[in-house]
Structures are given as structure tokens and as C-alpha cells.
Amino acid sequence: MMDAGTQPNCAICNAPAYPECPCESERLQIAVKQAEQRAMDEKLAQTRDWVIEHARQHILNQFKQLTSTRTAAHAAYLNSLPNYSIYMQYSGHPPIHPMYVDNLQRQIAEAHAELKRGIDADWRASVLRYPEVLDYFYGLVELRLPSDRSPRVVEPPFAAAGYRDSGFMDHSRLGKEKKKKRRDSVSMPRDMHAVVGRVMRGPPPAVPTPPIGGGFSRPPAMYQ
Ligand SMILES: [Zn+2]
């Protein structure tokens, strides 16, 4: 194991590495939360819009299918009623005995009420499927993490700057200029860059690089 004296002091309060103070861990949590918001909020909103749009479209299509079948059956039933065609032909005033007209009107009213009840039931049944349909479309969304051996993971662009804080700063400033809408969300205090940079890369190069398992044992503890 490595001598505690070669471990860098806390980047926030400058206390020695041991016993470990909570500063860096706390700042890292804040930085992670902010980075997650910058990286994920928009994607999550896009995903949500996509899922809602497709779920809604599916529910609506199913409902239309149910109601068109129901409406066709309703029309067929009306056409099968005695005197219906002559009733329609004379716009509700057919030259037949009023008793037949009353009877037919009652049957038509009942059929319409039945159709309305059926359509309400179809809509209710369709809407109640939302949780299942939302699950389905969310299930189609893929979250893909790059391979640990991907060059972009092993050698991120800011590594080319020689693992200096300024290199990281330049990179993040570049990102700000490119994406103006992110301007407001970038609110890390200046020393955060040092913390994040340190956590990502381990001890600064000025410290003799220990064998694996020594100097890198502290930063992962911040995730606890
Ligand atoms: Zn501290």
C-alpha cells in the first residue's frame, strides 16, 4: 500500500488525505447531479415525448378500430329494422301508421344509447391499457454504454491536453461556446473542475505514480 504522505490533500479544504474529510465526496455528488442533468434531462424529455406520442397513437388507433366495428354493427342493425329505409327516405316522416313510426323511433333511440355506451366502454378499455402500452414503448428505448475498451473511453479528448486542469477547463469552455443553451446550466464553482478532474484521473502527475491498487483506491471511495 501507498504511504498516506504521498496522497494529495483534499482539494477543497486542503486537509490531509487521512482521515478522509467529506468535502470531495460531497462536491462530487453535486457535480454528478449537475452533469447528469446536463447530459440526461433533454434525452429523458425526448424519450418521454416519443413514448407518449407512440402510446397515444396506438391507443387512439385501437379505439378507432373498436368504434368503427361497433359503428358498422350499429348501422347494420338499424338497416335491419322494419320500416327503417322508408323512414330514412322520408326524413323521419314516412307515410306509414304512426304506431310503426313510434316503435321504430324507440328502437333507433335504444340503438343509439347502446352505441354510446359501447363507445364509452371502448374508450375506457383503451385508456386503461396506458400503463401496459407505456411499458411497451419505454421497453423499446435502448440505453447503450460504450465498451470500456473504446478509444473514446480510454483516451477522451481532454487527455491530449496532458492531464492538466487547464486542459479540462478549455474543453468545458469549448463545449459552452458550441452549445449556447447550456450556458445557464454550467454553474460549477471553479474548484469543482479540479475535483472532477482529480477524481477522473487519480492523483496529479507531480505525485509519483503508484502501482495500480495504491493511488486509485481513494477516489472510488467517493462513490460510497
Ligand atoms: Zn476537505
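**View 1. Burial across the protein chain.** Of the 224 residues in the protein chain, 6% count as buried (20 or more other C-beta atoms within 10 Å of the residue's own, with C-beta atoms placed from the backbone). This is a predicted model, where local features need pLDDT of at least 70, side-chain atom pairs count only at pLDDT 80 or more, and totals for chains, interfaces and linings use all residues. Residue numbers start from 1 along each chain as its sequence is written.

**View 2. Helix α1 against helix α4.** Helices here are DSSP runs of H or I, at least four residues, numbered from the N terminus. α1 (residues 23–80) packs on α4 (residues 130–139) at about 130°, axes 9 Å apart; the axes are lines fitted to C-alpha atoms over the stretch in contact, and angles run from 0 to 180 degrees between N-to-C directions. Look for Val 51, His 54, Ala 55, His 58 and Ile 59 of α1 meeting Tyr 130, Val 133, Leu 134, Phe 137 and Tyr 138 of α4 (contact means C-beta atoms, placed from the backbone, within 7 Å).

**View 3. Helix α1 against helix α3.** Now α1 packs with α3 (residues 98–127) at about 165°, again with axes 9 Å apart, so the two run roughly antiparallel (over 145 degrees). On the α1 side, the contact includes Ile 59, Phe 63, Leu 66 and Arg 70, while α3 brings residues including Ile 108, Leu 115, Asp 122 and Trp 123.

Key
A residue is buried if 20 or more other C-beta atoms lie within 10 Å of its own, exposed if 12 or fewer, and partly exposed in between; C-beta atoms are placed from the backbone. Two residues are in contact if their C-beta atoms, placed from the backbone, lie within 7 Å. Angles under 35 degrees count as roughly parallel, over 145 as roughly antiparallel, 65 to 115 as roughly perpendicular and the rest as oblique.
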